[in-house]
Amino acid sequence: MAKEAKSQVYYINLGGTVGNVGAMRFAWRGKKDAYPKDVAKELGVVIAKDTDAGLMFGANSPRPAEVRIGYTDGNGNSKSTVRFCEPDKLGAVTTGGKLNSKKIIIAGTKYNINSCTLKSN
């Protein structure tokens, strides 16, 4: 019996013009529930299909921006996780608060997102 995959291929369009014509598709493999649909949409992350062509894996440059998503765990502790974000969406998710009150899934548990900032080293 075949097992269901635990990972998913995602990509973000980098560069390009209107409608992402000519954009590079930066791709990576991540946990299947790392980007719930509403969160993926706001971050500009696309769940890849088997028929998607031109996906570029392992590129060091250019790379998408990374954001730190803050949430509160079941014990009331502030926690965060890092996710990729399309550069065109940064303003909306950081200062615009587009992710606030959406759900992020960490280790199979859903948490409410309460903040999103640009990741710093």
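**View 1. Arg83 is found in strand β6, which covers residues 78-85.** Strands here are DSSP runs of type E with at least two residues, and helices are runs of type H or I with at least four, both numbered from the N terminus. The model shown is a predicted one, in which local features need pLDDT of at least 70 and side-chain atom pairs count only at pLDDT 80 or more, while totals for chains, interfaces and linings use all residues. Residues are numbered from 1 along each chain as its sequence is written, and side-chain values use heavy atoms, with hydrogens and water left out. Arg83 is buried and yet has no salt bridge, the nearest side chain of opposite charge being that of Asp33, 6.6 Å away. Buried means under 20% relative accessible area, exposed means over 50% and partly exposed lies in between, with a 1.4 Å probe and protein chains only. For charge, Lys and Arg count as positive and Asp and Glu as negative, whereas His and the chain ends are not counted. A salt bridge requires a side-chain nitrogen of Lys or Arg within 4 Å of a carboxyl oxygen of Asp or Glu. The side chain of Arg83 does make a polar contact of 2.9 Å with that of Thr81; such a contact is a pair of N or O atoms within 3.5 Å, where within protein one must be able to donate a hydrogen and the other to accept it, and residues adjacent in sequence count only if both atoms are side-chain atoms. Leaving aside residues up to four places away in sequence, Arg83 touches Ala34, Tyr35, Leu43, Ala65, Glu66, Val67, Ile69, Ile104, Ile105 and Ile106, where contact means heavy atoms within 4.5 Å.

**View 2. Four strands form an open sheet in the order β6-β5-β8-β7, with antiparallel pairing.** The edge strands are β6 and β7 (103-106), each of which pairs on one side only. Neighbouring strands of this sheet are turned against each other by 50° on average, direction ignored; axes are lines fitted to C-alpha atoms, for helices over the stretch in contact, and angles run from 0 to 180 degrees between N-to-C directions. Two strands count as paired if DSSP finds at least two bridges between them. Strands β5 and β6 run antiparallel and are joined by eight bridges, with Ala65 standing opposite Cys85 in β6. The hairpin of β5 and β6 has five residues between the strands, and in this hairpin Gly76 takes a positive phi near 85°. Strand β5 (residues 65-72) also pairs with strand β8 (residues 109-118), in the antiparallel sense over five bridges, and Val67 stands opposite Leu118 in β8.

**View 3. The structure holds two salt bridges.** In one of them, Lys119 meets Glu66, with the closest N and O atoms 3.7 Å apart. This pair links distant parts of the chain, since Lys119 lies in the segment after β8 and Glu66 in strand β5, 53 residues apart. Lys119 is partly exposed at a relative accessible area of 30%, and Glu66 is likewise partly exposed, at 29%. A salt bridge also joins the side chains of Lys79 and Asp73 (4.0 Å, N to O). Here Lys79 is partly exposed, with a relative accessible area of 41%, whereas Asp73 counts as buried at 14%.

**View 4. A mixed open sheet of four strands has the order β3-β1-β2-β4.** Because β3 (46-47) and β4 stand at the edges, each with a single partner strand, one side of each is left without a neighbour in the sheet. Strand β1 (residues 7-14) and strand β2 (residues 24-31) run antiparallel and are joined by eight bridges; the bridge partner of Asn13 in β2 is Arg25.

**View 5. Phe26 is found in strand β2.** Phe26 is buried, with a relative accessible area of 3%. Apart from residues up to four places away in sequence, the residues that Phe26 touches include Tyr10, Ile12, Met56, Pro62 and Phe84. Phe26 and Glu86 are 60 residues apart in sequence, and their C-alpha atoms are 9.9 Å apart in space.

**View 6. Phe57 lies in strand β4 (residues 55-57), and Gly58 in the loop between β4 and β5.** Phe57 is partly exposed, with a relative accessible area of 48%, whereas Gly58 is exposed at 66%. Not counting residues up to four places away in sequence, Phe57 touches Val9, Ala27, Trp28 and Arg29. The C-alpha atoms of Gly58 and Trp28 are separated by 7.4 Å, with the two residues 30 apart along the chain.
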